[in-house]
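I opened this notebook to keep track of what I looked up, entry by entry.

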Amino acid sequence: MFQNGLAWVVRNCGTLFYDIRDWDKEVSSLTTELTEEEKKSKFAKYYNRQLKMPSVENLKAAQFDNPLPKDRLFKPEEFVKHMDSEEIDNIKSGYGLFDDGIGFSIARIRLDGLTDEKRQYFTDNFIPEADLFYKCWYPGMHMRHYIAGAVEDVGLGMELINFLVPIGPEGWAGSPDYEYKDPLLIAVIGGGGVSWPLYDRFNHPRYCLQGNWFRYLPDKSGIEIFITFWHGMGWENGKPVRKIPDDEKISIDRVRSQFNHSIWEFTQLSALINSFWEDNH
């Protein structure tokens, strides 16, 4: 059985999402730019670095009016079936809508050079203060990471995100007895959450499920990740559930924007970890 875990930690600002009482005051003080205090940090240079472009294949997959064929889409209850098999070699990045209006995307991202040693070094030593870790991850798009929440722009303006429930390998498999077969597997993680536009907090909730599959490249020279989203779905009593009215459809623009954010976000994390390693070795 693989060890379900990753050698990096997403550091937060130290505040629990549910402890915020005055959101108007809290949000008004936030910025994606560096504060004067953050500019003094030795880690500030990682915010100012040039962003790395995603792969040509992923940029093409993120184009407007270029959804995946319907036979490439699958629901969350089929996640392990598609990933934990030889079929994984044929999975392509992309986005789309099911006939029932649920949104789907899967971003397949190759992260060359991300060895266990580099990732562990990053976890142990890249420790900026307060919001700076999250800002350095994806400059201009990440604003703040709470305990159980975040503020970021996934392509349609800043959103307030609440992480409702984590989903581990047993949850995705639907059984604690399932034995994963992928010999390159590192971790199966994810969760259910809800978000709101920052200008319209706590109205018109947008539910979403995220499933992540992390595996080594065959020669262990890096890793490959699959970031999967199901828009309009939540997780209740250990199962995926529809969270939009039966006659409603998710906006394809929202699905595409989230997919585009994923390919940029994790490309930046890879570049950040590699840059930090190179600067210190």
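This is a predicted model: local features need pLDDT of at least 70, side-chain atom pairs count only at pLDDT 80 or more; totals for chains, interfaces and linings use all residues.

Residues are numbered from 1 along each chain as its sequence is written, and side-chain values use heavy atoms, with hydrogens and water left out.

**Entry 1: the second largest pocket**

I took a pocket to be an open set of points on a 1 Å grid over the protein atoms alone, where a 1.4 Å probe fits and protein lies on both sides within 12 Å along at least five of seven lines; its lining residues have an atom within 4 Å of a point. Grid points are joined across faces, edges and corners, and a volume is the space filled by probe spheres set on the points.

The second largest pocket has a volume of about 400 Å³. I found 18 residues in its lining, and those nearest its centre are Ser 55, Asn 58, Arg 108, Ile 109 and Arg 110. Helices and strands here are DSSP runs (H or I, at least four residues, for helices; E, at least two, for strands), numbered from the N terminus. Helix H4 (56–61), strand S2 (103–112) and H9 are the elements that give two or more residues to this lining, and S2 gives the most, with five residues. By class, the lining of the second largest pocket holds six nonpolar, five polar and seven charged residues.

**Entry 2: the largest pocket**

I then turned to the largest pocket, whose volume is about 950 Å³. It is lined by 34 residues, and His 145, Phe 163, Gly 190, Gln 210 and Asn 212 are the closest to its centre. At least two lining residues each come from helix H7 (132–137), strand S5 (158–166), strand S6 (185–197), strand S7 (206–216) and helix H9 (252–279). S6 supplies the largest share, seven residues. I counted the classes here as 19 nonpolar, ten polar and five charged.

**Entry 3: the nonpolar cores**

For a nonpolar core I used a set of buried Ala, Val, Leu, Ile, Met, Phe, Trp, Tyr and Cys residues joined through side-chain atoms within 4.5 Å. Buried means under 20% relative accessible area, exposed over 50%, and partly exposed in between, with a 1.4 Å probe and protein chains only.

The largest core has 68 residues, and Phe 79, Met 83, Phe 122, Phe 126, Trp 172, Trp 213 and Trp 230 touch the most other members. H9 contributes the largest share of this core, nine residues. A second, separate core has 13 residues, among them Ile 20, Leu 30, Met 143 and Met 158.

Is Phe 43 buried or exposed? At 6% relative accessibility, Phe 43 counts as buried, and I located it in the loop between H2 and helix H3 (44–47). With contact meaning heavy atoms within 4.5 Å, and neighbours within four places in sequence left aside, Phe 43 is in contact with several residues, including Phe 126, Ile 127, Leu 132 and Phe 276. Phe 43 and Ile 127 are 84 residues apart in sequence, yet 8.3 Å apart in space, C-alpha to C-alpha.

Gln 258 lies in helix H9 and is buried, with a relative accessible area of 8%. Beyond its neighbours within four places in sequence, Gln 258 is in contact with Val 154, Phe 229 and His 231.

**Entry 4: salt bridges**

I counted a salt bridge where a side-chain nitrogen of Lys or Arg lies within 4 Å of a carboxyl oxygen of Asp or Glu, and the structure holds 20 of them.

Arg 108 pairs with Glu 224, with the closest N and O atoms 2.7 Å apart. Because Arg 108 lies in strand S2 and Glu 224 in strand S8 (residues 222–231), the pair ties together parts that are 116 residues apart in sequence. Both Arg 108 and Glu 224 are buried.

Lys 39 and Glu 36 meet at 3.1 Å, N to O, and both lie in helix H2 (residues 36–39), three residues apart, about one turn of the helix. Lys 39 is partly exposed at 48% relative accessibility, and Glu 36 is exposed at 57%.

Last, I noted that Lys 75, Asp 100, Arg 242 and Asp 246 are linked in a network of salt bridges.

Conventions:
Ala, Val, Leu, Ile, Met, Phe, Trp, Tyr, Cys and Pro count as nonpolar, Asp, Glu, Lys and Arg as charged, and the others, Gly among them, as polar.
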